[in-house]
Amino acid sequence: MAPKFSDSVEGLRAAGNQSFRNGQFAEAATLYSRALRVLQAQGPSDPEEESILYSNRAACHFKDGNCTDCIKDCTSALALVPFSMKPLLRRASAYEALEKYPQAYVDYKTVLQIDDSVTSALEGINRMTRALMNSLGPEWRLKLPSIPLVPVSAQRRWDSLASGNHKATAESKSKETTTAKSRVPSAGNVERARVLKEEGNELVKKGNHKKAIEKYSESLSFSNLESATYSNRALCHLVLKQYKEAVRDCTEALKLDGKNVKALYRRAQAYKALKDYKSSCADISSLLQIEPRNGPARKLRQEVNQNLN
């Protein structure tokens, strides 16, 4: 005799979904558990269906504040269907709630390898980055668990981007002024810009300022709303003695953040190199109003005043 629909896997899952929508999370978890038992009793089960049931039950646990069981169920779901978005996001949220920030960071980062436009993962990465910097210090990245490499078959990122992303700097700057400035960047483009900026920062640490300029320019082609990217590119121009370009980038940085101390200092340095001592002095004065005890700025003011006298 065929089981009644309400006692089938599909029926129990549907009933669980309805209970979840009604805010009856414990009841929903019980229904998903019954569905799992029925499914597993049928012999070799459909891994995708079983994974969904574990993931749904994990959502119930999370809603009830049971983060430990949420993590267990998400891990079971991912063992059946690796790189599933929902269990990754739910496990990341549970890790975050338990203040297990390194594990949460890894899961959010894995989600962004699959689809870089997931807003909750982007926001989660930003929260985890701040928390990890506060708890582990500037070397926090070295203390993370390994981040799994998502196979290309599971990735949904960059699908809409042209194949020629890595263009010459001049072409990137053209895109920067036409595409990025004409619209608000998507969440995916913001994440891509952040990654490229970090790559530029690493190149600066290695002393490769020309390549860093290319990375910063490409970053700005995806999102031109980050003041620090302009001021970082300005630093590279300074090192390469491209002073007019440095002034231009610092000016763009200050349009976005009038209190960007690095942009003020670097523009003052560039003006000094261009022998525009009055403009240099004006930037130093603005900087010292923000940070009166800034030692390098006070020293630069002395040097500029010597040229003014």
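Aspartate 7 counts as partly exposed because its relative accessibility is 29%, and arginine 34 counts as partly exposed at 33%. Please keep in mind that the model you are looking at is predicted.

Now step back to the whole chain. It has 15 helices and 0 strands. Of its 309 residues, 45% are buried. Among the contacts with a separation of 6 or more, 57% join residues 24 or more positions apart. The chain exposes about 16700 Å², and carbon and sulfur atoms supply 51% of that area.

Side chains of opposite charge can pair when their charged atoms come close. The structure holds 17 salt bridges. One of them joins the side chains of lysine 215 and glutamate 199, at 2.9 Å from N to O. Here lysine 215 in helix 10 and glutamate 199 in helix 9 (residues 187-205) are 16 residues apart, and the pair links distant parts of the chain. Glutamate 199 is partly exposed, with 31% relative accessibility.

A further salt bridge connects the side chains of arginine 233 and aspartate 249, at 2.6 Å from N to O. Because arginine 233 lies in helix 11 (residues 227-239) and aspartate 249 in helix 12 (residues 243-256), the pair ties together parts that are 16 residues apart in sequence. Arginine 233 is buried, with a relative accessible area of 3%, and aspartate 249 is buried too, at 4%. Elsewhere, salt bridges that share partners join Lys109, Arg141, Glu191, Arg194 and Glu198 into one network.

Next come the rings. The structure holds 2 aromatic pairs. In one, the rings of phenylalanine 20 and phenylalanine 25 have centres 5.1 Å apart and planes at 65 degrees, so the pair is edge-to-face. Phenylalanine 20 is partly exposed at 24% relative accessibility, whereas phenylalanine 25 is buried at 18%. In the other pair, tyrosine 105 and tryptophan 140 have ring centres 5.2 Å apart and planes at 75 degrees, so this pair is edge-to-face. Tyrosine 105 lies in helix 6 (residues 101-114) and tryptophan 140 in the loop between helix 7 (119-136) and helix 8 (169-178), so the pair ties together parts that are 35 residues apart in sequence. Tyrosine 105 is buried at 1% relative accessibility, and tryptophan 140 is buried at 3%.

Tyrosine 105 also leads us into the largest nonpolar core, which has 27 residues; Tyr105, Tyr108, Val111 and Ala121 have the most contacts inside it. Helix 4 (67-80), helix 5 (85-97), helix 6 and helix 7 each supply at least two residues of this core. Apart from its neighbours within four places in sequence, alanine 121 is in contact with Leu89, Tyr108, Val111 and Leu112. A second, separate core of 18 residues includes Cys250, Ala253, Cys281 and Leu300.

Our last stop is aspartate 283, in helix 14 (residues 277-290). Aspartate 283 counts as buried, at 5% relative accessibility. Leaving aside neighbours within four places in sequence, aspartate 283 is in contact with Leu264, Arg267, Ala268 and Tyr271.

How values were computed: Residues numbered from 1 in each chain as written. Predicted model: local features only at pLDDT ≥ 70, side-chain atom pairs only at ≥ 80, totals over all residues. Heavy atoms only, no water. Helix = DSSP H or I, 4+ residues; strand = E, 2+ residues; numbered from the N terminus. Buried < 20%, exposed > 50% of the residue type's maximum accessible area, 1.4 Å probe, protein only. Contact = heavy atoms within 4.5 Å. Areas by Shrake-Rupley, 256 points an atom, 1.4 Å probe, with all protein chains shown as cover. Phe/Tyr/Trp six-rings, centres within 6.5 Å; stacked < 30°, edge-to-face > 60°. Core = buried A, V, L, I, M, F, W, Y, C linked by side-chain atoms within 4.5 Å. Salt bridge = Lys/Arg side-chain N within 4 Å of Asp/Glu carboxyl O.
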